[in-house]
Amino acid sequence: MNDSPRGSAARKLFVRIAVVAGWILVALLGAVALLRVAAHDVAHPLILLNEFTMYLYLPAYGVLVAALLLRRRALAAGAALLVAAHLVWISPGALRAAPLSAEALAAPPLRLVSANLLMSNPDTDGIVGEILVEDPDVLVVQELSAHWQTALESSEIGRRLPYHVAEARETPFGVGIYSRYPLEDAEVWYAWGAPVARATVRVGGRPVRLYDVHPLPPLHAEWVTNWSEALEAVRGEVEKERKRDPEGALVVAGDFNMTRHARWFGRFTDLGLRDAHEDRGRGLATTWPNGTLRVPAIRLDHVLISPHVACLSVREGQGRGSDHRPILVELAALR
């Protein structure tokens, strides 16, 4: 019978193990959460854990349900705190889109595609074809190698987007901006060794300043300094742009090698920049690893916009052959 002494002892042992396992999970996740609050991204392992915030705290939901069923109030309270923190961290722009003004809807749109091509991707026809279908006004690319530069500039893209500033590299750090409109103040400069392309285009007479960003990823502890210094250099230039022209239209796009849960994301939004995905209620959208690795999908690619830019729409493309999905966004520069 189920209520035999042996069965009762087994149930008690199971409950005890479940409660102990629950407390271990709560303690470990609680430590990571406290470090995020008190010392955000202070160490390399925390940087990587925080990148996966969208998934990291999901076990706490299971612990909460189990604790409630087992009537373990203290455990339920600890798990509930983690669930609440998780919801706060993933909620910005997750479901609700910001309202669009009449000015934004009436302004001339700027169709922009940001794509990490994957330097070693031999299948240039896939992404080239996708770009041609999207027919953007501006294309910003990362991991631009010589064979990719040839593929872009010798195709119909080169005729549709004849103005460009680019630096191809046989490393993952080539960048380029291709435009339907003439480029002003176009250059490639270097953020801690990583090239950054920047230029200005005019849309309906309104200047729009563009940045194309791709720092080294913080995959290894020794790369974190380079990643941080590159992002600090870009942020410093963006801050100068914002101070020089607080009402200017500014777009910072690319593969930042960070999610919104990185400390550096907050340092960019502290400048008044907004994430295009979050503006349209798509904050949980993902772009990497695009099926190339068995890890949960996250979004390392962003289009950050200043207060005088509206995001009309944003979605992700296919990015055939690349480990990143491109971002397809329609923007409006406000006066």
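Predicted model: local features only at pLDDT ≥ 70, side-chain atom pairs only at ≥ 80, totals over all residues.

User: In what order do the 6 strands of the open sheet lie?

Analyst: Strands of a sheet pair through backbone hydrogen bonds, in either a parallel or an antiparallel manner. Here the order is S5-S6-S7-S8-S10-S9, and the pairing is mixed.

User: Which strands stand at the edges of the sheet?

Analyst: Strand S5 (184–191) and strand S9 (274–275) hold those positions. Each has a single partner strand, so one side of each is left without a neighbour in the sheet.

User: In what sense do strand S6 and strand S7 pair?

Analyst: Strand S6, residues 194–203, pairs with strand S7, residues 206–213, in the antiparallel sense, over 7 bridges. As one example of facing residues, Arg-198 stands opposite Tyr-211 in S7.

User: How many aromatic pairs are found in the whole structure?

Analyst: The search finds 2 aromatic pairs.

User: Why is the pair of Phe-256 and Phe-268 called edge-to-face?

Analyst: Planes over 60 degrees apart count as edge-to-face. The planes of Phe-256 and Phe-268 stand at 85 degrees, with ring centres 5.9 Å apart, so the pair receives that name. Phe-256 lies in the loop between strand S8 (249–255) and helix H11 (263–269), and Phe-268 lies in helix H11, so the pair ties together parts that are 12 residues apart in sequence. Both of these Phe residues are buried.

User: Which residue lies over the face of Trp-89?

Analyst: Arg-36 does, at 4.2 Å from the ring centre. Elsewhere, Arg-263 lies over the face of Trp-264, at 5.1 Å from the ring centre.

User: Which residues form a nonpolar patch on the surface?

Analyst: Val-20, Ile-24 and Leu-28 form such a patch, and together they have about 280 Å² of accessible area. Val-20 is found in helix H1, residues 5–38.

User: Is Val-20 buried, partly exposed or exposed?

Analyst: Buried means under 20% relative accessible area and exposed means over 50%, with partly exposed in between. The value for Val-20 is 44%, so Val-20 is partly exposed.

How values were computed:
Residues numbered from 1 in each chain as written. Heavy atoms only, no water. Patch = residues over 30% accessible without salt bridge, like charges linked within 9 Å, V, L, I, M, F, W, Y side chains within 5 Å. Areas by Shrake-Rupley, 256 points an atom, 1.4 Å probe, with all protein chains shown as cover. Salt bridge = Lys/Arg side-chain N within 4 Å of Asp/Glu carboxyl O. Helix = DSSP H or I, 4+ residues; strand = E, 2+ residues; numbered from the N terminus. Buried < 20%, exposed > 50% of the residue type's maximum accessible area, 1.4 Å probe, protein only. Phe/Tyr/Trp six-rings, centres within 6.5 Å; stacked < 30°, edge-to-face > 60°. Lys NZ or Arg CZ within 6 Å of the ring centre and 35° of its normal. Pairing = 2+ DSSP bridges.
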